[in-house]
Amino acid sequence: MADHCTVCHKCVTPCPVDIDFGDVSMNMRNLLRKMGQKKFNPGTAASMFFLNATDPATINATRTAMIGWGYKAQRLGHDILKKFAKKQTKAPPETVGKPAVREQVIHFINKKMPGNLPKKTARALLDIEDDKIVPIIRDPQTTTADTEAVFYFPGCGSERLFSQVGLATQAMLWHVGVQTVLPPGYLCCGYPQRGNGQFDKAEKMMTDNRVLFHRMANTLNYLDIKTVVVSCGTCYDQLATYEFDKIFPGCRIIDIHEYLLEKNVRLEGVAGTRYMYHEPCHNPMKLQESGKTINALISTVDNVKIEKNERCCGESGTLAVSRPDISTQVRFRKEEEMIKGADKLRADGFTGDVKILTSCPSCMQGLSRYNDDSDTTADYIVIEMARHLLGENWLPEYVARANAGGIERVLV
């Protein structure tokens, strides 16, 4: 039962007695772990090792092994076993009991992992991996010490895994002319640990982070930070419990896309591409309905509305590696929605690119697995905006500018 919950918390809304089964599932996992009844899972163990690590050398080595070699092996496995995978995804088998190893291997490779990821983490590219310094990133030509400063918490998905998400967020904050303060070293918010039933580990992580942020706030009180920016919904939900108003008095937490809309940054008149939007289960956009936000941020030259593509993508943090058989069932319905949504955008004879945009690193990975099925491309909203507003080479150009005197390093 605990394994089958994706912890999306969506069942609490229709529940007549207000039971949040996501919280129940996390408590079940924690109880099983404390009783010594939780089964060892190599996929979960590898994922949690990567997320729990704080040493840069360990993170970079694990990333090379898991992302560099592991993803390549998975993609190769998919190409070799494609025939068996298609048979399985057309009629997903039941997920009660333990599936055979051969079947589980096919579950693991039946949808391709994303390729062409950055070779290094965002911090490694900017040389800010030292956990004793707080990086302040700003354009020295257009900012002063009095310029608005924001605290950006990238989280694991936007920094360790899909580093282009964290870099696109930083590049757009640079573009709007604010100072961006990053936390010292690699930090995880603690949500993946809670989600996997490691409550004691999560509590320790959260307490350590809050102590560190208080020290940061004391050191950087002259910046008068009033905004905490996130680029991940699970990070938002977890940071909401940190009591940030006691760390940076009077501050608010906001998603990068809502912050850009607030700053009147828009991508208008996109030609040759039409979009769908996948709202993550942990939606970081809290100020208004997320569909309104994305349609206000991005518009195409033919004014085709960006519609939501419903259903869970099936990635659900570490679920796709720990229980790929359950993910296969979830993806069965999402694949139908992806094909239906893409066909609708092509119904008038449109022959350009169809992209599915999202605002969750885990969902970006999950959605990229449907690229071949629906002939779509998955991407992040802020990356798509950076590509069009800052140019195709936005990533190397931003890294070069930041490294050429755009990073102040403050000892904490």
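A: Let's begin with a term: a residue is buried under 20% relative accessible area, exposed over 50%, and partly exposed in between, using a 1.4 Å probe and protein chains only. This is a predicted model, in which local features need pLDDT of at least 70, side-chain atom pairs count only at pLDDT 80 or more, and totals for chains, interfaces and linings use all residues. Residues are numbered from 1 along each chain as its sequence is written, and side-chain values use heavy atoms, leaving out hydrogens and water.

Now to the rings. Phe, Tyr and Trp (its six-membered ring) pair if their centres lie within 6.5 Å; planes under 30 degrees apart are stacked, over 60 edge-to-face, and the rest tilted. There are 9 aromatic pairs in the structure. In one of them, the planes of W174 and Y398 meet at 85° with the centres 5.8 Å apart, so this pair is edge-to-face. It links distant parts of the chain, 224 residues apart: W174 belongs to helix 8 (residues 163-176) and Y398 to helix 19 (residues 394-403). Helices (H or I, at least four residues) and strands (E, at least two) are DSSP runs, numbered from the N terminus. W174 and Y398 are both buried.

A tilted pair joins F213 and Y242, with 6.1 Å from centre to centre and 35° between the planes. Because F213 is in helix 10 (residues 199-219) and Y242 in the loop between helix 11 (233-239) and strand 5 (252-255), the pair ties together parts 29 residues apart in sequence. F213 counts as buried because its relative accessibility is 0%, and Y242 is buried at 0% too. Ring pairs also connect F213 and Y242 with F151, F153, F244 and F248 in a cluster.
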